[in-house]
Amino acid sequence: MSVKLYYDQVSSGAANYIAAHIGGLQFDGIEVDREEHKLKATGEDYYAINPKGNVPFMELPDGTKLAENTATLAYIAKHSPKDVGPRDGNDFLKLLNALGFITSELHSAGLGVFFGPSLTENGKVRAKENAKAKIQKFVKVFLDNGKRKYILDRLTVADIYAYIILSWAPYVNVELSPEAQRYYDNIREQPEIRDAHKKLAEA
């Protein structure tokens, strides 16, 4: 029995799909229409499956349910046949540390703010400056001010997550710094990322 992974094409659920595909994890990908809160293939009520209504949402073979990126991406790193991140030890803790920052700072308090329903025009100006500051903190802390190509020593689930979040920047009129843009472009051009995007588009 394989993992069930509920996702959509553009949110952080896409990061999980891409990471799982690159890692060679056996999973059933189930696409969600988040606006209608239904499964695209069947029209089933998504709230009946995941009361939070968010993606990613993962159901493991033993019935365990995970609904937060830190948990779902850590699972993908630990259980994928191919290397998409450390599986244990201090390096695994470093991965969790990075995932926690991306979730709380880049995603929820950074670029994700723009997708809230009640953001005013003045709020957008403040949110833009805040997002830029969060991105630069990420570059400073995790990329050594742009000297590093990846968060750790190779492409991991954390980079894939950060990459998807940074991909939202043009759509909310946030200009990436040269260091952040270089990091983003490098990940986007990796052959395994290109292949995973193609697979995601065909799913």
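Predicted model: local features only at pLDDT ≥ 70, side-chain atom pairs only at ≥ 80, totals over all residues.

Biologist: How many residues line the largest pocket, and which of them lie nearest its centre?

Modeller: The lining comprises 32 residues, and V10, S11, S12, R34 and W168 are the ones nearest the centre. The elements that contribute two or more residues to this lining are α1 (12-23), β2 (27-33), α3 (89-108), α5 (157-166) and α7 (191-202).

Biologist: How do the lining residues divide into nonpolar, polar and charged?

Modeller: There are 14 nonpolar, 11 polar and seven charged residues in the lining of the largest pocket.

Biologist: Let us turn to the sheet. In what order do its strands stand?

Modeller: The sheet is open and has five strands, in the order β3-β2-β1-β4-β5, and the pairing is mixed. To read such an order, look at its two ends. Here β3 (38-39) and β5 (65-66) are the edge strands; each has a single partner, so one side of each lacks a neighbour in the sheet.

Biologist: How many bridges join β1 to β4, and do these strands run parallel or antiparallel?

Modeller: Strand β1 (residues 3-7) and strand β4 (residues 57-59) run antiparallel and are joined by three bridges. Within this pair, Y6 of the model stands opposite F57 in β4.

Biologist: What is the general idea behind a nonpolar core?

Modeller: In soluble globular proteins, nonpolar side chains tend to be buried together. In this model, the largest nonpolar core has 62 residues, and those with the most contacts inside it are I76, I102, L111, F138 and I151.

Biologist: Which elements give two or more residues to this core, and which gives the most?

Modeller: Two or more residues come from each of β1, α1, α2 (69-79), α3, α4 (121-142), α5, α6 (178-188) and α7. The most come from α5, which gives nine residues.

Biologist: Which residues does F138 contact, leaving aside its neighbours within four places in sequence?

Modeller: With those neighbours set aside, F138 is in contact with F101, I102, L106, L143, I151, A162 and Y183. Another core, of eight residues, lies apart from the largest one; Y6, L39, I49 and F57 are among its members.

Biologist: How many residues of α5 are buried?

Modeller: Helix α5 is mostly covered, with 10 of its 10 residues buried. They are V157, A158, D159, I160, Y161, A162, Y163, I164, I165 and L166. These buried residues pack against α1, α2, α3, α4, α6 and α7.

Biologist: Which residues of α2 are buried, and what covers them?

Modeller: In α2 the buried residues are N69, T72, L73, A74, Y75, I76 and A77. Their cover includes β1, α1, β4, β5, α3 and α5.

Biologist: May we now consider single residues? Is T156 buried or exposed?

Modeller: The general idea is to compare the relative accessible area with a cut-off: a residue under 20% counts as buried. T156 has a relative accessible area of 0%, so it is buried. T156 sits in the loop between α4 and α5. Not counting residues up to four places away in sequence, T156 touches V84, G85, P86 and L95.

Biologist: Where does E179 lie, and which residues does E179 touch?

Modeller: E179 belongs to helix α6 and is partly exposed, with a relative accessible area of 26%. Not counting residues up to four places away in sequence, E179 touches Q136, V139, N145 and G146.

Biologist: What is the phi of N145, and where is N145 placed?

Modeller: N145 has a positive phi of about 60°, although this residue is not a glycine. N145 lies in the loop between α4 and α5 and, at 48% relative accessibility, counts as partly exposed.

Biologist: Is N173 buried or exposed?

Modeller: N173 counts as exposed, at 58% relative accessibility. N173 is in the loop between α5 and α6, and its phi is near 60°, a positive value in a residue other than glycine.

Technical notes. Residues numbered from 1 in each chain as written. Heavy atoms only, no water. Pairing = 2+ DSSP bridges. Helix = DSSP H or I, 4+ residues; strand = E, 2+ residues; numbered from the N terminus. 1 Å grid on protein atoms, 1.4 Å probe; cavity = no way out; pocket = protein on both sides within 12 Å on 5 of 7 lines; lining within 4 Å. Nonpolar A, V, L, I, M, F, W, Y, C, P; charged D, E, K, R; others polar. Core = buried A, V, L, I, M, F, W, Y, C linked by side-chain atoms within 4.5 Å. Buried < 20%, exposed > 50% of the residue type's maximum accessible area, 1.4 Å probe, protein only. Contact = heavy atoms within 4.5 Å.
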